[in-house]
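Please look through the structure below with its chains, domains and contacts in mind.

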Amino acid sequence: MVKQPGLLTLIQDRGRFGAHNLGLTNGGPLDAQAFAWANRLLGNSANASALEISFGGLSLECGIDTAIVVTGAELPIKVNGETIAGWQTHPVKPGDFIELGYTTRGTRAYLAVAGGFAIPASFGSSATVVREKIGGLNGDKLQENDQLPCASQTLQQNYYLADDDRPQYAERAILRVVPGYQQSTFDPVERHRFFSSQYRVTDRSDRMGFRLEGKAIKSDINSMLSEGICHGAVQIPADGQPIVLMNDRQTIGGYPKIGSVIALDTAKLAQLNPGSTISFEPISAEYAHNLHWLAKSRFDRTQPLKC
Amino acid sequence: MRVEIAGQDALIVYFAEQASAAVSAQIQRAVTRINSQMAGILVDLVPSYASLLVIYNIDQCDHFEARRQLGEALRDIDTTEAVGGELVTLPVYYSLESGPDLEIIAERGKISVDDVIEIHSGGEYRVYAIGFAPGFAYLGEVDERIAAPRLATPRQKVPRGAVAIADRQTAVYPAQSPGGWNLIGLCPTRMFDPEKQPSMPVQVGDRIRFEAIERDKFLSLGGEL
């Protein structure tokens, strides 16, 4: 049961795919890596429903015997007042009070339970998209006194992820971009400016998009027809300040785009606080593909350690 | 027609510079073919006015393979092969009570409110794109005499079912939301119902007609004022 919902806590599975034809966006965890590790450490299926906790502040009262794990952003985690470690599974029992403080490094934490939360799928997914009122519990973020359904399940063995294998959340990031969409219509000088400047993450950043602030990029396109927007697309509106479109973006839009940030790096961006610095680096689609496979094989090869 | 990279797992096909019924039909054919021929790697398709975004499964292929399959699917797409678009009729209660911007549109076009209703319900529209919100279908194109720019200040609340015009586009709001389009009536048909299968009465490529109905009929069809 939810005692305190925190600033923004959402039920998420990997996301909703194949429903763009109805205008439904993807949803899903902003940091797919940290989310994947939460389920993996508990031996859950990769698509099991877990909680995405933005900036912390969540507390829960446990009603069953199960195990939990918290991954992603660093934040204080306490069970009945005792600090426990992140990236490590812990048994919990009825009456236990699980309390997450506020994030100290990174911004998105993931809390998973053994077996996952039992949330009915809506259009094939439990992912909560508040703007669409779809997924999760009644399409909304967690509220005080919400009941999170899950089955009782005890683990034979607790696991943790070695320090070296955990992602490091920093205050700056280089975001790798596959140039695409209208990129050829940007003047070479503007393209160069985009890839050589530093941008600041503004506080007008959310699950739809991260708005950046820095040197304005001029586009020669005054008006264009609305078209499909993929995950990570970098939109350049009239004021020239880039917006990186994330999981809850609208599926179509009419602003010019210079390319798309690869998924590995939107995860890094999602963990940055407002005020953090980023820069963009162009990479080929082939290299992006290789990076995806390297990360995937590293994830598959890395074994959780026994406690 | 040209194919560009959109992202690490997405390609976008540009069919033309401008939207038209012919381009829309071509996109519709492409959607049908891609759905059947690329099923093994396809994740999502986003058809729009003159483009089609194709999102594929990066775990199953790279962009070379996706491009190859896309090229196959798009071969000879210019033919006049029939498209499946259905004709869907949506009832609309047009009135000053349900369409607060009818008079403004009439004034703009120097025509009467009845003319606005007659022109809007006399046209046949094509579903060019679905987006902005679940179930929001962009329909085009309305007669120039009833075209009207978006409101300078969007409304905080547009009711579900509101039939609206922005420039030469028209749409039915699928849910209550903020909105800047001009409101001319209310449609009792749910444009998006997550509990229903299918959840939308229309899809991209369909043709839409609006049928003027009276207040009583609107209420009996489940409309709310």
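In chain A, 5 strands form an open sheet in the order β1-β4-β9-β6-β7, with antiparallel pairing; strands here are DSSP runs (E, at least two residues) and helices are DSSP runs (H or I, at least four), numbered from the N terminus, and two strands pair if DSSP finds at least two bridges between them. β1 (2–5) and β7 (82–83) of chain A stand at the edges with a single partner strand each, so one side of each has no neighbour in the sheet. β1(A) runs antiparallel to strand β4 (residues 58–61) of chain A and is joined to that strand by 3 bridges, and A:Val2 has A:Leu60 as its bridge partner in β4(A).

This is a predicted model, in which local features need pLDDT of at least 70 and side-chain atom pairs count only at pLDDT 80 or more, while totals for chains, interfaces and linings use all residues. Residues are numbered from 1 along each chain as its sequence is written, and chains are lettered from A and ligands numbered from 1 in the order in which they are written.

Chain A is divided into domain 1 (2–164) and domain 2 (172–301), with bounds that come from an automatic or database domain assignment. The C-alpha centres of these two domains of chain A lie 27 Å apart, and 18 residues of domain 1 are in contact with 15 residues of domain 2, where contact means that the C-beta atoms of two residues, placed from the backbone, lie within 7 Å. On the side of domain 1 of chain A that touches domain 2, the elements that give two or more residues are α1 (32–41) and β10 (105–113) of chain A. By class, that side of domain 1 of chain A has 5 nonpolar, 10 polar and 3 charged residues, counting Ala, Val, Leu, Ile, Met, Phe, Trp, Tyr, Cys and Pro as nonpolar, Asp, Glu, Lys and Arg as charged, and the others, Gly among them, as polar.

Where does chain A meet chain B? The contact takes in 31 residues of chain A and 34 residues of chain B, and the elements that give two or more residues to the side of chain A are β15 (227–228) and α4 (285–301) of chain A. α4(A) gives the most to this side, with 4 residues, and the residues of the side of chain A that touches chain B divide into 14 nonpolar, 15 polar and 2 charged.

Chain B is in turn assigned a domain 1 (2–74) and a domain 2 (87–220), with 29 Å between their centres, taken over C-alpha atoms. Their contact takes 7 residues from domain 1 of chain B and 6 residues from domain 2 of chain B, and the largest share of the domain 1 side, 3 residues, comes from α1(B).

Helix α1 (residues 21–37) of chain B also packs with helix α2 (residues 63–74) of chain B, at an angle of about 130 degrees and with their axes 9 Å apart; the axes are lines fitted to C-alpha atoms over the stretch in contact, and angles run from 0 to 180 degrees between N-to-C directions. In this contact B:Ala30, B:Arg33, B:Ile34 and B:Gln37 of α1(B) meet B:Gln69, B:Glu72, B:Ala73 and B:Leu74 of α2(B), and the residues divide into 4 nonpolar, 2 polar and 2 charged.
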